[in-house]
Amino acid sequence: MEGEMGTGARIAIALIVLGVLISVVFTILGFTRNTTNQGITTVQNSLESMQLAVYDDYDQQMLSGTQVLSALKLFEGQPNGLVVKTKALMENGANVGYNYGALFDGVTESGNYKLSGLDKNDGESWYVKNLDTGNSGTMTYNMNYLKAKKSGTDAFIRPTAKFLAEIIKDTTGTIVGICFTQQ
């Protein structure tokens with residue numbers, strides 16, 4: 001009888017120890033999961049901050065024409081629209097600029113990629129314009145920068161000219177591009 005009680009007690013102790021070990025493992029896994037989730041959130045926030053930091057170089061900054069041409073190449077193929085307003089172009093029509101990269105609403109190839117009606121809301125330092133996603137939901141792009149480098153055209157970006165860079169946001173407040181206005 002004593003041998004049976006000893007065996008039963010050993011089994012009971014083993015089950016209790018096993019239960020405690022399982023509880024400890026689940027507690028550690030839960031703690032690890034929470035820590036991992038916090039780490040992932042921190043990394044995501046850091047990445048978003050780094051992505052937005054790219055725009056800091058262009059927000060309310062004076063740039064040379066060479067820097068504007070470099071920006072056209074830097075943002076090439078990304079979902080960002082770039083608008084360049086040269087003095088020659090603005091003489092032909094107020095508030096008009098060439099749209100490079102992702103196209104904004106109302107800009108077409110047949111319209112020579114010219115964007116008009118780029119406006120700021122009162123008291124804001126950025127423009128508001130939505131990117132064109134078309135009926136299919138995909139963006140279209142203008143990657144032809146040849147006019148920007150061709151002297152004698154109203155799209156020519158003179159390397160020594162000064163441009164004021166300003167952010168363009170869509171109606172949701174997301175940064176979608178940059179406008180360069182020759183001074």
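I started with how β2 and β9 pair: strand β2 (residues 81-85) runs parallel to β9 over five bridges. I'm using "pair" for strands with at least two DSSP bridges between them. Strands here are DSSP runs of E with at least two residues, helices are runs of H or I with at least four, and both are numbered from the N terminus. For one bridge I looked up lysine 85, and its partner in β9 is threonine 181.

A note on the source: this is a predicted model, so local features need pLDDT of at least 70 and side-chain atom pairs count only at pLDDT 80 or more, while totals for chains, interfaces and linings use all residues. Residues are numbered from 1 along each chain as its sequence is written, and side-chain values use heavy atoms, leaving out hydrogens and water.

Next I checked the other neighbour of β9. Strand β8 (residues 162-169) pairs with β9 in the antiparallel sense, over seven bridges. Alanine 165 sits opposite phenylalanine 180 of β9. The hairpin of β8 and β9 has five residues between the strands, and glycine 173 there takes a positive phi near 90°.

How many residues of β9 are buried? I found seven of the eight in β9 (residues 175-182). Buried means under 20% relative accessible area with a 1.4 Å probe, counting protein chains only; exposed is over 50%, and partly exposed lies in between.

Then helix α2 (residues 65-74). Its buried residues are Gly65, Val68, Leu69, Ala71 and Leu72. They lie on the same side of α2, because they cover an arc of only 155° around the axis. That arc is taken from the directions from the helix axis to the C-beta atoms. The buried residues of α2 pack against β1 (61-64), β2, β3 (96-102), α4 (146-149), β8 and β9.

I also looked at asparagine 80, in the loop between α2 and β2. Is asparagine 80 buried or exposed? It counts as buried because its relative accessibility is 5%. Its side chain makes a polar contact of 2.4 Å with that of tyrosine 55. A polar contact is a pair of N or O atoms within 3.5 Å; within protein, one must be able to donate a hydrogen and the other to accept it, and residues adjacent in sequence count only if both atoms are side-chain atoms. Leaving aside residues up to four places away in sequence, asparagine 80 touches several others, including Phe75, Tyr100, Ile175 and Val176. Contact means heavy atoms within 4.5 Å.

Last, the whole chain: I noted four helices and nine strands, with 31% of its 183 residues buried.
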